[in-house]
Structure formats: structure tokens, C-alpha cells
Amino acid sequence: MVLEPLSTNTPVPTTTSSRIKALLLQAWRERWSEVEFGRNIKRLLPRGVSGDVYHLAEAILRQAVSGPVPNALMMTYLEHCLGAQVVSFGTVIQTVTEVQPPDATSPACSLCLLQFLAKFM
């Protein structure tokens with residue numbers, strides 16, 4: 001097995017939370033499917049540990065509502081994590097109520113969050 005040297009330009013995240021955020025950005029840039037994202041996020045999390053410990057739902061939602069229009073890809077990642085029980089339903093509901101879009105008056109973000117919750121009620 002040959003290890004490639006790390007490039008000096010790429011920052012190496014040290015904590016699991018920062019690795020999760022880096023993985024989210026990589027998944028978004030490369031347009032991963034939700035299954036590919038789920039596989040990679042499970043590799044990142046320690047065995048037997050929920051994504052709730054590392055605030056995975058919050059990290060995904062913050063990326064999803066960071067603009068005037070919600071990021072549909074991030075919402076599918078969150079939906080997949082919920083279905084695969086990587087995050088708990090209670091944590092997702094709590095996070096939805098706490099996360100505020102930058103433009104709090106954005107009807108598109110509010111509608112997206114309400115539709116997301118309606119899927120699971």
C-alpha cells in the first residue's frame with residue numbers, strides 16, 4: 001500500500017465535526033447521490049455513534065438554508081440520514097425549529113422546511 005503525501009494547500013480537518021462539514025461541502029460540490037453521502041458519512045462517524053452527537057442535522061440544515069432558495073440536495077441528504085437513522089427524528093425537529101435562514105422572511109426556505117416536516121408527520 002502506497003500512501004500519497006498530503007498537499008500543503010489542502011487543510012486537514014482535525015475534529016469529527018469539522019470533517020463532517022468538509023464532507024458536506026465535498027458532497028455538494030461533487031453532487032453525490034444520497035446513498036453515496038450516507039455511505040461516506042457512516043464511514044466518518046465512529047461505530048455505534050449517532051450523528052446527533054456531532055450535530056449532523058444542524059450542519060446539513062445550515063447549508064440547506066444558507067441562501068434565499070433552499071438547497072434541495074442538502075435536504076435529500078438530511079432526509080436520507082433520517083431514514084437511515086443516522087440522526088434521530090427528535091433532533092431534526094428541534095434543529096428545524098432553531099435554525100434561522102439568513103433571510104428570515106424567505107418564503108421559499110420556510111415552505112421547504114414545512115414541507116420537509118409534513119413528510120414525516
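Predicted model: local features only at pLDDT ≥ 70, side-chain atom pairs only at ≥ 80, totals over all residues.
## A walk around the helices

**How the helices pack**

| Pair | Angle between axes | Axis distance | Handedness of crossing |
|---|---|---|---|
| H1 (residues 16-30) and H4 (residues 72-83) | about 125 degrees | 10 Å | right-handed |
| H4 and H6 (residues 107-119) | roughly 20 degrees | within 12 Å | right-handed |

Take H1 and H4, which pack at about 125 degrees. That angle makes H1 oblique to H4. On the H1 side, the contact comes from Leu24, Ala27 and Trp28, and H4 brings Leu73, Met74 and Tyr77.

Now for H4 and H6, whose axes cross at roughly 20 degrees. Angles under 35 degrees count as roughly parallel, and H4 and H6 are therefore roughly parallel to each other. Here H4 uses Met75, Leu78, Glu79 and Leu82, while H6 answers with Cys112, Leu113, Phe116 and Lys119.

**Rings that meet**

Phe116 also turns up in a cluster, where ring pairs link it with Phe89 and Phe120. The model has three aromatic pairs in total. One of them joins Phe116 and Phe120, with ring centres 5.3 Å apart and planes at 65 degrees, making the pair edge-to-face. Why that label? Planes over 60 degrees apart count as edge-to-face. How open are the two partners? Phe116 is buried, at a relative accessible area of 4%, whereas Phe120 is partly exposed at 30%.

**Around the loop between H1 and H2**

Trp28, which you met in the H1 contact with H4, has another partner. The charged end of Arg31 sits over the Trp28 ring, 4.8 Å from its centre. Arg31 itself belongs to the loop between H1 and H2. Is it buried or exposed? With a relative accessible area of 52%, Arg31 is exposed. For background, most residues other than glycine have a negative phi.

Go on to H2 (residues 34-44) and you'll find Asn40 there. Asn40 counts as buried, at 16% relative accessibility. Which residues does it touch, if you skip its neighbours within four places in sequence? Asn40 is in contact with Leu23 and Trp32.

**Around the loop between H2 and H3**

His55 sits in the loop between H2 and H3, and it shows a positive phi as well, near 55 degrees. This residue counts as partly exposed, at 49% relative accessibility.

Tyr54 lies in that loop too. Not counting residues up to four places away in sequence, it touches Thr16, Ser17, Ile20, Leu45, Pro46 and Val49. Pick out Ile20 from that list: the C-alpha atoms of Tyr54 and Ile20 are separated by 8.2 Å, although the two residues are 34 apart along the chain.

Technical notes
Residues numbered from 1 in each chain as written. Heavy atoms only, no water. Phe/Tyr/Trp six-rings, centres within 6.5 Å; stacked < 30°, edge-to-face > 60°. Buried < 20%, exposed > 50% of the residue type's maximum accessible area, 1.4 Å probe, protein only. Lys NZ or Arg CZ within 6 Å of the ring centre and 35° of its normal. Helix = DSSP H or I, 4+ residues; strand = E, 2+ residues; numbered from the N terminus. Contact = heavy atoms within 4.5 Å. Axes fitted to C-alpha atoms, helices over the stretch in contact; angles between N-to-C directions. Parallel < 35°, antiparallel > 145°, perpendicular 65-115°, else oblique. Left-handed = near helix turned anticlockwise from the far one by under 90°.
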